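Dear colleague,

Please find below the structure that I am handing over to you, together with its sequence.

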Amino acid sequence: MAKKKQKFPYLVGSKWTAQQKIDGWRHFVVVNRKNQGKWLFAEMVAACDPNVRFWLNATLLKDRSQWQAGWQSLKDIAELNELATGEF
């Protein structure tokens, strides 16, 4: 039997920057994943506060208006927003 292809194979351990602060933080790490039916969820933990954690539908990480891959500085976020909106 062929092994089913895993969605988001490198999800656990990946780093993300939220476009808007969540509980006062922008930088998060995925520490766990969970499949529920056809949905995949990622457990996010704030990089600077391990008490700030939540589960998120992993497909939301593809939405660049909410999340950026890696840890971005505020300057990088502003530049990405300018490129996305065409405002210079």
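Met44 is in contact with residues from several parts of the sequence; leaving aside neighbours within four places, its contacts are Trp16, Phe28, Val29, Val30, Val52, Arg53, Phe54, Leu56, Leu61 and Trp67. Please note that these contacts, like everything below, come from a predicted model. In strand S4, the bridge partner of Met44 is Phe54, one of the residues in the contact list above.

Met44 also belongs to the largest nonpolar core, which has 15 residues. Within this core, Leu11, Phe28, Met44, Leu61 and Trp67 touch the most other members. Two or more residues each are given to the core by strand S1 (15–22), S2, S3 and S4. Which strand gives the most to this core? That strand is S3, with four residues. As a general background, nonpolar side chains in soluble globular proteins tend to be buried together.

Seven of its eight residues are buried, so S3 is largely enclosed by the rest of the structure. Buried here means a relative accessible area under 20%. For the protein chain as a whole, buried residues make up 30% of the 88 residues.

The strands and their pairing

The protein chain contains one helix and five strands, and along the sequence these follow the pattern β-β-β-β-β-α. The five strands form an open sheet in the order S4-S3-S2-S1-S5, and the pairing is antiparallel. Its edges are strand S4 (53–57) and strand S5 (67–69), each of which pairs on one side only. On average, neighbouring strands of this sheet are turned by 35° against each other, direction ignored.

Going through the sheet pair by pair, the following was found:

- S3 and S4 run antiparallel and are joined by five bridges. They form a hairpin with six residues between them.
- Strand S2 (residues 25–36) pairs with strand S3 (residues 39–46) in the antiparallel sense, over eight bridges. Here Phe28 stands opposite Ala46 in S3. Two residues lie between the strands of this hairpin, in which Gly37 takes a positive phi near 65°.
- S1 and S2 are antiparallel partners over four bridges. The bridge partner of Trp16 in S2 is Phe28. This hairpin likewise has two residues between its strands, and Asp23 takes a positive phi near 50°.
- S1 and S5 pair over three bridges, in the antiparallel sense. In this pair, Ala18 stands opposite Trp67 in S5.

Where in the chain does Leu80 lie? Leu80 lies in helix H1. This residue is partly exposed, with a relative accessible area of 30%; the value falls between the limits of 20% for buried and 50% for exposed. Not counting residues up to four places away in sequence, Leu80 touches Gln68 and Gln72. The C-alpha atoms of Leu80 and Ser65 are separated by 9.8 Å, the two residues being 15 residues apart along the chain.

Confidence and overall values

The protein chain averages a pLDDT of 87, and 84% of the residues score at least 70.

Two further values describe the chain as a whole. Among contacts with a separation of 6 or more, 41% are between residues 24 or more positions apart. The accessible surface comes to about 6400 Å², and carbon and sulfur atoms account for 55% of this surface.

Yours sincerely

Notes:
Residues numbered from 1 in each chain as written. Predicted model: local features only at pLDDT ≥ 70, side-chain atom pairs only at ≥ 80, totals over all residues. Heavy atoms only, no water. Pairing = 2+ DSSP bridges. Axes fitted to C-alpha atoms, helices over the stretch in contact; angles between N-to-C directions. Core = buried A, V, L, I, M, F, W, Y, C linked by side-chain atoms within 4.5 Å. Buried < 20%, exposed > 50% of the residue type's maximum accessible area, 1.4 Å probe, protein only. Contact = heavy atoms within 4.5 Å. Areas by Shrake-Rupley, 256 points an atom, 1.4 Å probe, with all protein chains shown as cover. pLDDT = per-residue confidence, 0-100.
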